[in-house]
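Good morning, colleagues. I shall speak about nonpolar packing and aromatic pairs, and I ask you to keep the structure in view.

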Amino acid sequence: DIKRDLGQWQEAIQIYERVNKSFPQTVTIKHNLALCYFALGQYFTSKNYAEEAIALDFKLWQSSIVLAKSLKELGDVDASLNLFSSVSRQGDDQGESLLGMADIWLNEFGDPLKAISIIQPLFKVEEFKDDARLTELMASLYDRDESADSLTDRIKAFSKKSIQLDTNQTSFYFKQSSKKKSLKPRVGIISPMFSASPVYFLTYAFFKSISKQCDLVFFNRGAKSDWATEEFKALATTWFDVFYADPIVLAKKIHDEEINVLYDLGGWMDPLALKALSLKPARQQLKWVGGQSVTTGLDCFDGWIGDNWHTPSSFQHLYTEPLLNKGDDYVSYTPPPYMPKPLEKKNDGYAIFANPAKQIGRAHV
């Protein structure tokens with residue numbers, strides 16, 4: 001359980017698998033295996049172990065939650081929603097089940113108002129108040145019935161209360177006497193989306209261009225792996241899969257790698273990483289592509305990389321991060337290998353900026 005709590009999923013799995021082989025009827029072992037495999041993104045195996053745990057104890061709602069989450073990741077959204085709803089109706093765990101339902105309505109069905117209505121009961125539950133507020137804020141990004149100033153104020157207040165960790169209790173500093181890991185600048189990159197996503201299409205060319213002069217240290221917060229993941233791995237001096245549940249453990253890991261400049265490519269897609277970064281574990285921290293629809297509300301960033309179109313300097317009051325505008329173009333587009341070459345004018349073509357299954361847009365490339 002210690003390995004599991006530290007996010008050392010593979011090591012925990014090895015121990016749980018040995019115990020499961022000797023005691024195949026132990027429901028808690030199967031449940032923990034489901035949890036660990038889910039954290040590693042092995043959703044089919046997670047689904048199987050969760051089903052085995054439920055077969056041994058149908059009242060184990062915790063395994064039903066893991067099963068519902070696994071079903072969602074495997075693409076069976078309707079079955080996932082039904083299972084979350086069933087757990088909620090039984091009153092076993094209103095928090096996890098309602099948050100799971102809200103996530104589906106927001107991110108799968110695109111109905112932010114429905115998501116907000118679902119999580120209303122959680123505002124009265126101390127344990128889930130912050131999750132409810134966060135869900136409401138994320139939904140507000142899609143259904144904005146308030147001014148940008150009002151939304152920004154709410155985000156800043158939430159970040160100060162629920163994201164910013166107490167730096168007085170946890171001190172991170174760089175040891176002046178320690179032997180340097182490298183003579184090259186060490187560039188950290190953290191994201192839950194090192195895959196075929198905007199993080200790849202809009203940043204890969206830049207990181208490739210500096211990969212010879214810098215040590216690139218990737219902190220992978222996601223479980224999805226595809227051809228774009230392999231492209232990023234090929235650039236990496238060091239690659240860490242950091243699926244930690246504890247932001248302080250994550251911050252310590254970043255700190256120990258002596259990062260000179262860290263690029264956060266997650267933003268509000270990854271609130272746990274924001275908690276870790278709130279402790280300023282890297283010497284310099286910059287916010288760039290990924291979850292960049294709104295300020296983080298944190299003071300730990302040394303800059304927000306945008307351009308004159310994306311974040312005009314007149315909008316500085318909407319950001320806690322100093323705006324570092326790069327002319328009229330703050331990203332560099334890299335097409336996927338399967339993208340056909342343009343047949344029209346030399347400077348015209350098609351560019352994928354999101355999940356290739358969801359969006360294709362026309363752009364100058």
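A residue is called buried when its relative accessible area is under 20%. Tyr200, at 4% relative accessibility, is therefore buried. Please bear in mind that this is a predicted model.

Let me turn to the core. The largest nonpolar core comprises 69 residues, and those with the most contacts inside it are Ile190, Phe219, Leu250, Ile254, Leu262 and Trp268.

Next, the aromatic rings. Searching the whole structure gives 25 aromatic pairs. The rings of Phe158 and Trp268 have centres 6.2 Å apart and planes at 50°, so this pair is tilted. Phe158 belongs to helix 10, whereas Trp268 sits in the loop between strand 4 and helix 14, so the pair ties together parts 110 residues apart in sequence. Both partners are buried: Phe158 at 7% relative accessibility, and Trp268 at 6%.

Tyr200 pairs with Phe232 in an edge-to-face arrangement, with 5.7 Å between the centres and 80° between the planes. This pair links helix 11, which holds Tyr200, to helix 12, which holds Phe232, across 32 residues. Phe232 has a relative accessible area of 0% and is buried. Tyr200 and Phe232 also belong to one aromatic cluster, whose members include Phe194, Trp227 and Tyr338.

Finally, the surface. Ile15, Val19 and Phe23 make a nonpolar patch of about 250 Å². Phe23 lies in the loop between helix 2 and helix 3, and counts as exposed at 52% relative accessibility.

Definitions and conventions:
Residues numbered from 1 in each chain as written. Predicted model: local features only at pLDDT ≥ 70, side-chain atom pairs only at ≥ 80, totals over all residues. Heavy atoms only, no water. Patch = residues over 30% accessible without salt bridge, like charges linked within 9 Å, V, L, I, M, F, W, Y side chains within 5 Å. Areas by Shrake-Rupley, 256 points an atom, 1.4 Å probe, with all protein chains shown as cover. Salt bridge = Lys/Arg side-chain N within 4 Å of Asp/Glu carboxyl O. Helix = DSSP H or I, 4+ residues; strand = E, 2+ residues; numbered from the N terminus. Buried < 20%, exposed > 50% of the residue type's maximum accessible area, 1.4 Å probe, protein only. Core = buried A, V, L, I, M, F, W, Y, C linked by side-chain atoms within 4.5 Å. Phe/Tyr/Trp six-rings, centres within 6.5 Å; stacked < 30°, edge-to-face > 60°.
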